Amino acid sequence: MTVSVPLGARAGGPDLARGIALLGIALANLVGWLHGSAWTALLKQQDASAADRVVDVLLALLVDNRGFPLFALLFGYGIGILRRRSLERGERTGRFLRRMLRRFAVLLAIGLAHAILLFSGDILVGYAVIGMLCALLVTRGRVVLAAAAIVTLPALGVLGWVDGTVGLGGGTGYAAASAPDYLAGVGIRAPDALHGLLLAPIEEIGLLSPMALGALMARGALLEDVPAHRRRLGRLARWGLAIGLVGAVPLTAVLVLDPAHARLDVEVVLGILGVLHQVSGLAGAVGLAAGAALLAARWGPRPAARAPGADGGLASATATATSTATPTATPTATAAASPPAGARDPLGAAVRAVEALGAVSLSAYLAQSVLCLLLFPPYTLDLGAQLGSAGAAALVLAGWLLMLPPAVLLRRSGRRGPMEHVLRALAGSSTPRTPRTPRTADAHRARGGTR
């Protein structure tokens, strides 16, 4: 069993980015729930209303092919942190890899259950399979990681090719989205999930590009040690977000100008636009991660003392946590520390709330699928056939906002999310208990430990 750093010592930037990515993934996943209308590029509906098309454009520019590369990058960042801490402890490479194998096996089981019981577009199975490969590569050094990120980038682009050309295939929605009852949906999802598992090393290999890039960033604690990297983070944020936005414009224009492909029906052209959309999304993910690190450092109160070490724990290896060790900070000193200016204003509170949600992102990711299952299929409220992008996005946004208060309460009590707790228990990780202290401004951060 490994021991993790308490919740109160977590680095804010990765959690903030993860909380934002949760909303992006939920919005992007709406294409897996809406059905009954012919697809166009990016799996949007060809006959969308004006309001739906406005939302489609916003999602195409800011969300599609941006949320999951960000999650993959943070996933790899967590693996890099775990390796860094392993080296600091003097752990043998073989033992590190065995721990990673156990963790990803548990994540794989959770992902399969999610893919079969809840949602066809699960990402956890692919993350578990490719994550193990990333864990192996992270033991081989910086050059190998950089080469892996470059070599697998074209495979990431293939996913974009599919998004650009999908409207030519005549699809009207995922088969499970229109299943007449729950058991029929399970019957559709189960073979798809097993098929996806078998082909994950091939079909999902593109995920290794953002994962390896994230692991490289973790080697220098780029998203954790903001003061040391502030200038670099600023450049990454500006250029990454700009490239991500500009690269999304051409395929987004297809949604507006020719959604039925009456004129633009050349597969090669649409495919190239899709590749551009996807690859630029990786740049946007890097920019958002960098911007989140700067934002968390500016508006989020941090503990009084920090050291360069970090805890990825089980959660960071499942895109659910990244934390920074504070071995020299005592609970009393941390609780007494004054938060930086702006930490108590509304923006600071919002940053901290999204950060708290990012700390329980595995639980939140699964909860979002449960919410959609209650709203969209024909055997529940059948909103998947009645709503377009605008109405569905409003519901998903409301669900994301409603998860913020419980996440904050969990953070204040020093507790992890329910699925984080299950994952850590099965994969063998723990957080040491710390003595309770009086509830002051940041006493919950000083306590940190969970039971």
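A residue is called buried when its relative accessible area is under 20%, exposed when over 50%, and partly exposed in between (1.4 Å probe, protein chains only). By this rule, both Glu 355 and Arg 411 are buried. The structure is a predicted model, in which local features need pLDDT of at least 70 and side-chain atom pairs count only at pLDDT 80 or more, while totals for chains, interfaces and linings use all residues. Residues are numbered from 1 along each chain as its sequence is written, and side-chain values use heavy atoms, with hydrogens and water left out.

**Salt bridges**

- Side chains of opposite charge can pair when their charged atoms come close.
- A salt bridge is a side-chain nitrogen of Lys or Arg within 4 Å of a carboxyl oxygen of Asp or Glu, and the whole structure contains nine salt bridges.
- Glu 355 pairs with Arg 411 in a salt bridge whose closest N and O atoms are 3.8 Å apart.
- Glu 355 belongs to helix 14 (residues 346–358) and Arg 411 to helix 17 (residues 389–412), so this pair ties together parts that are 56 residues apart in sequence.
- Helices (H or I, at least four residues) are DSSP runs, numbered from the N terminus.
- One network, joined by salt bridges that share partners, contains Arg 89, Glu 91, Arg 95 and Arg 99.

- In helix 1 (residues 12–28), Asp 15 and Arg 18 lie three residues apart, about one turn of the helix.
- Asp 15 and Arg 18 form a salt bridge, with 3.1 Å between the closest N and O atoms, and both residues are buried.
- In helix 2 (residues 50–62), Asp 56 and Arg 53 are likewise three residues apart, about one turn of the helix, and their side chains form a salt bridge (2.8 Å, N to O).
- Asp 56 is buried because its relative accessible area is 0%, and Arg 53 counts as buried because its relative accessibility is 12%.

**Surface charge**

- Arg 231, Arg 232, Arg 235 and Arg 238 form a patch of positive charge on the surface.
- Such a patch is made of residues with over 30% relative accessible area and no salt bridge, like charges being joined within 9 Å.
- Arg 238 is part of helix 10 (residues 226–257) and counts as exposed because its relative accessibility is 56%.

**Cysteines**

- The whole structure has zero disulfides, a disulfide being a pair of cysteine sulfur atoms within 2.5 Å.
- Cys 134 counts as buried because its relative accessibility is 0%, and Cys 372 counts as buried at 7%.

Conventions:
Patch = residues over 30% accessible without salt bridge, like charges linked within 9 Å, V, L, I, M, F, W, Y side chains within 5 Å. Areas by Shrake-Rupley, 256 points an atom, 1.4 Å probe, with all protein chains shown as cover. Lys, Arg positive; Asp, Glu negative; His and termini not counted. Charge placed at Lys NZ, Arg CZ, Asp CG, Glu CD. Helix = DSSP H or I, 4+ residues; strand = E, 2+ residues; numbered from the N terminus.
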